[in-house]
Amino acid sequence: MKFSLKTKESAKEEEEPISEDALAGYLGVEGWIVPEGYFKIETYPLKPPFSYTSIVQNEETAEYFYVVNELLLRKEELESYNRMRNILEYELKAPNKNESLEHSFHRQMPKIMDDHSKVLRHISTIETKKILHYLERDIIGYGKINPLMHDPYIEDISCNGPRKPLFLWHRNYENIKTNIFFQDDRELNNFILRIVHRAGKHVSIAFPIVDITLPGKHRLAVSYGTEITPSGTNFTIRKFREDPFTIIDLIENETIDETIAAYLWLLMETKTPMMIIGATGAGKTTALNAIACLIRPNYKIITVEEVAEINLPHENWSSMISRSGFGVEKEGEIPLFDLVKSAVRHRPDIVIVGEVRGEEAYVLFQALATGHGGLCTMHAEDVKTATQRLTQPPMNIPSSIVPLMKCAIMVKHVRKPIFTKSGNRLSSRKFTKISEISGADSIRDISNWDSSSDIFQTDFNNSLLLKKMTEDLNMSREELLRELEHRKRVLVAMKEHHIRSFHDFNNALGKYYQNPRFFFEEISKIENW
């Protein structure tokens with residue numbers, strides 16, 4: 001990345017663009033201060049050279065602390081920043097059609113800065129970069145939490161009210177406290193109003209609960225004011241991964257093994273309905289995304305969600321999002337129930353529902369009865385609890401058609417019985433159990449994860465789904481098991497050649513279906529992928 005933005009004044013000072021490393025050296029970002037009583041574990045960039053994070057550990061309690069180090073504006077820089085921000089409130093125009101906020105901001109800034117060059121007359125080029133960083137952060141970004149949005153290791157950001165530190169869910173350190181907080185109710189409420197309105201939604205004391213998708217497909221849940229949260233406004237941001245986990249990632253992370261992945265691949269190819277169950281934060285949506293990547297590239301897919309979280313590489317994919325109503329009467333509301341009904345009319349090969357918990361489940365099961373493939377998630381402790389939820393209000397699925405959801409996958413966030421050198425106990429997500437459902441009270445476990453040995457134990461000999469597959473495909477059990485083993489080797493080859501991104505995986509899957517015989521010959525020519 002090169003910094004080359006110049007105003008008319010600054011262009012006289014500098015002819016060559018400044019490299020990121022040179023700018024970082026000039027600004028002295030290597031000398032971040034570690035809080036007293038802590039020692040540094042690691043430091044890595046968030047939005048270099050302006051913001052970095054240091055993971056530090058308390059010398060007495062061993063508690064981890066996430067420290068955001070962002071370059072501060074000096075008094076003169078702050079004055080110029082405030083003047084430029086006031087100017088931008090009047091002169092910055094809305095983005096063009098199909099133009100992102102970021103692209104629109106950088107397109108308009110050079111002219112605005114040239115037109116008001118006197119504001120930056122006594123500011124050097126380096127200082128102008130800092131001011132531009134803060135303008136971008138506060139106008140089109142997320143303000144003081146913007147550095148956190150650039151950390152790929154963060155899954156969730158949560159605020160429990162003003163004057164309280166923000167907490168994160170970090171992939172390496174789990175729940176971890178930060179040095180960021182909102183000073184008072186006014187600052188926090190203004191922040192929430194700004195980002196909610198940017199998403200085209202409304203939040204107020206009268207309507208304090210909001211669950212929306214932000215630009216970039218991040219998910220925001222808000223409890224506004226003190227009416228329902230006495231400590232003040234609360235929010236949680238669940239960050240959206242632009243590069244979702246694929247089945248290869250699940251194998252590498254030991255969430256599943258190659259044998260289970262091959263079994264799931266066969267089920268998805270034959271449009272076998274599956275349900276992913278688990279507690280909050282277990283990784284259900286991540287698992288759903290990864291399994292959905294196993295769908296044939298040419299299948300027609302429709303996804304139905306309340307908030308957009310599913311991300312697929314398939315071209316023949318349509319996403320449908322529910323809409324909340326307006327006012328007390330909820331006028332104009334479009335619930336999941338209506339969306340699932342609409343989705344079936346589009347004749348999809350597979351309908352994916354982000355989460356079932358209401359009457360939309362009944363429509364989904366009717367779709368399964370007519371031969372559509374289905375994939376969904378549900379909050380439940382185990383398969384038995386899931387089937388009980390299905391047959392009770394508000395879902396009201398007749399027990400006779402519960403077996404239409406033929407497979408249930410139990411996902412859990414578990415702690416491994418091992419410790420790292422630093423003494424931090426590791427945790428991970430596991431497909432702890434995969435069960436085939438042949439009746440409301442008839443459940444057969446095909447795969448179990450043994451926590452003591454960290455081994456997946458499978459029993460395909462008693463699989464009713466594989467037995468039915470042999471009948472539908474006119475294959476012997478031996479032939480089907482050989483096909484299962486072949487697909488296992490295909491997945492191993494993809495893993496060994498690091499074909500893991502969802503676009504690369506989808507391309508590889510397409511090539512496999514076009515000519516399976518020459519797949520291994522092609523996969524060896526890694527540059528062709």
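Two strands count as paired if DSSP finds at least two bridges between them, and the helices (H or I, at least four residues) and strands (E, at least two) in my notes are DSSP runs numbered from the N terminus.

**Entry 1: what I am working with.** I note that this is a predicted model, in which local features need pLDDT of at least 70 and side-chain atom pairs count only at pLDDT 80 or more, while totals for chains, interfaces and linings use all residues. Residues are numbered from 1 along each chain as its sequence is written, and side-chain values use heavy atoms, with hydrogens and water left out.

**Entry 2: a hairpin.** I looked up strand E19 (residues 442–450) and strand E20 (residues 455–458), and found them running antiparallel and joined by four bridges. Asp450 has Ile455 in E20 as its bridge partner. Four residues lie between the two strands of this hairpin, and Asp454 takes a positive phi near 55° there.

Asp454 also has a side-chain partner, since I found it in a salt bridge with Lys430 at 3.1 Å, N to O; the term means a side-chain nitrogen of Lys or Arg within 4 Å of a carboxyl oxygen of Asp or Glu. The pair links distant parts of the chain, with Asp454 in the loop between E19 and E20 and Lys430 in strand E18 (residues 425–439), 24 residues apart. For accessibility I use three classes: buried is under 20% relative accessible area, exposed is over 50%, and partly exposed is in between, with a 1.4 Å probe and protein chains only. Asp454 is partly exposed at 29%, whereas Lys430 is buried at 0%.

Ser447 lies in E19 and counts as buried, at 1% relative accessibility.

Entry 3: Strands of a sheet pair through backbone hydrogen bonds, either parallel or antiparallel. I traced an open sheet of nine strands with mixed pairing, in the order E3-E4-E5-E8-E7-E6-E11-E10-E9. Its edge strands are E3 (38–47) and E9 (209–213), each of which pairs on one side only. Direction ignored, neighbouring strands of this sheet are turned by 20° against each other on average, where the axes are lines fitted to C-alpha atoms (for helices over the stretch in contact) and angles run from 0 to 180 degrees between N-to-C directions.

Arg219, in strand E10, is 90 residues from Glu309, which sits in the loop between strand E13 (301–305) and strand E14 (317–321). These two form a salt bridge, their closest N and O atoms being 3.0 Å apart, and both are buried.

**Entry 4: other salt bridges.** I noted 27 salt bridges in the structure. One of them joins the side chains of Lys144 and Glu187 at 3.0 Å, N to O. Lys144 lies in the loop between helix H5 (125–139) and helix H6 (146–149) and Glu187 in helix H7 (residues 185–198), so this pair ties together parts that are 43 residues apart in sequence. Lys144 is partly exposed at 24%, and Glu187 is partly exposed at 26%. I also found Arg74, Glu76, Glu77, Glu127 and Lys130 linked in a network of salt bridges.

**Entry 5: the cores.** A nonpolar core is a set of buried Ala, Val, Leu, Ile, Met, Phe, Trp, Tyr and Cys residues joined through side-chain atoms within 4.5 Å. In the largest one I counted 58 residues, and those with the most contacts inside it are Tyr263, Leu264, Ile352, Ile409 and Phe431. Helix H9 (residues 258–269) gives the most to this core, with nine residues. Beyond its neighbours within four places in sequence, Tyr263 is in contact with residues including Ile434, Ile446, Phe460 and Leu484. Another core, of 33 residues, lies apart from it, and among them are Leu148, Leu188, Leu214 and Ile237.

Conventions: Contact means heavy atoms within 4.5 Å.
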